[in-house]
Amino acid sequence: MTIREVCEKYDISADTLRYYERIGLIPPVPRTSGGIRNYDEVSCNWIELMKCMRQSGVQIEALIEYVKLYNQGDSTIQARKELLIQQRDRLQEKMASMQESLERLNKKIEHYEDACATKV
């Protein structure tokens, strides 16, 4: 798959894809004999994972560490699991905080809806 096709499929910019590859968020992408990136299924799986993780707020540094551990093989399975658990715990804390904010906003909106209804 070309970089353009990958960009369209995953709604991600070519610059972001190149950046992810350059910093090690995704393994080096296979290239054609002419040196053009040729994204295969493995590359696309990494892109999906990284896009999902970034959207959930996982820090780039944690993801780079995850990829490094992955590339070291099965001896790092426990370390990868622990890293993912840490990230999950952070995400759960963030979600709880966001839920509190949402509830507060809903109460404020309800207050203003009540105020508007009594003025009519």
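Visitor: What span does helix H4 reach from its first C-alpha to its last?
Guide: This is a predicted model, in which local features need pLDDT of at least 70, side-chain atom pairs count only at pLDDT 80 or more, and totals for chains, interfaces and linings use all residues. Residues are numbered from 1 along each chain as its sequence is written, and side-chain values use heavy atoms, with hydrogens and water left out. H4 covers residues 60–71, 12 residues in total, where helices are DSSP runs of H or I with at least four residues, numbered from the N terminus.

Visitor: Which helices do the buried residues of H4 pack against?
Guide: Buried means under 20% relative accessible area, exposed over 50%, and partly exposed in between, using a 1.4 Å probe and protein chains only. In H4 the buried residues are Ile 60, Ala 62, Leu 63, Ile 64, Tyr 66, Val 67 and Leu 69. Counting contact as heavy atoms within 4.5 Å, they pack against H2 (14–23), H3 (41–55) and H5 (77–119).

Visitor: Which residue just after H4 takes a positive phi?
Guide: Look just past the end of H4 for a phi of about 100°. The residue that takes this positive value is Gly 73.

Visitor: How many disulfides does the structure hold?
Guide: A disulfide is a pair of cysteine sulfur atoms within 2.5 Å. The closest cysteine sulfur to that of Cys 7 is in Cys 44, 11 Å away and too far for a bond. For Cys 52, the nearest cysteine sulfur is also that of Cys 44, at 15 Å. The number of disulfides is zero.

Visitor: Which residue forms a salt bridge with Arg 37?
Guide: A salt bridge is a side-chain nitrogen of Lys or Arg within 4 Å of a carboxyl oxygen of Asp or Glu, and the whole structure has three. Arg 37 lies in the loop between H2 and H3 and its partner in H2, so the pair ties together parts that are 16 residues apart in sequence. Both residues are buried. With the closest N and O atoms 2.6 Å apart, the partner is Glu 21.

Visitor: How far apart are the closest N and O atoms of Arg 18 and Asp 15?
Guide: Both residues lie in H2, three residues apart, about one turn of the helix. Arg 18 is partly exposed at 33% relative accessible area, whereas Asp 15 is exposed at 57%. Their closest N and O atoms are separated by 3.3 Å.

Visitor: How far from Lys 51 is the nearest side chain of opposite charge?
Guide: Lys 51 lies in H3, and is buried yet has no salt bridge. Lys and Arg count as positive and Asp and Glu as negative, while His and the chain ends are not counted. Leaving aside neighbours within four places in sequence, Lys 51 is in contact with Tyr 10 and Asp 11. Asp 11 is the nearest side chain of opposite charge, at 4.7 Å.

Visitor: Is Gln 87 buried or exposed?
Guide: Gln 87 lies in H5. Leaving out residues up to four places away in sequence, Gln 87 touches Val 58, Gln 59 and Ala 62. At 9% relative accessibility, Gln 87 counts as buried.

Technical notes:
Helices (H or I, at least four residues) and strands (E, at least two) are DSSP runs, numbered from the N terminus. The expected span of a helix is 1.5 Å times one less than its number of residues.
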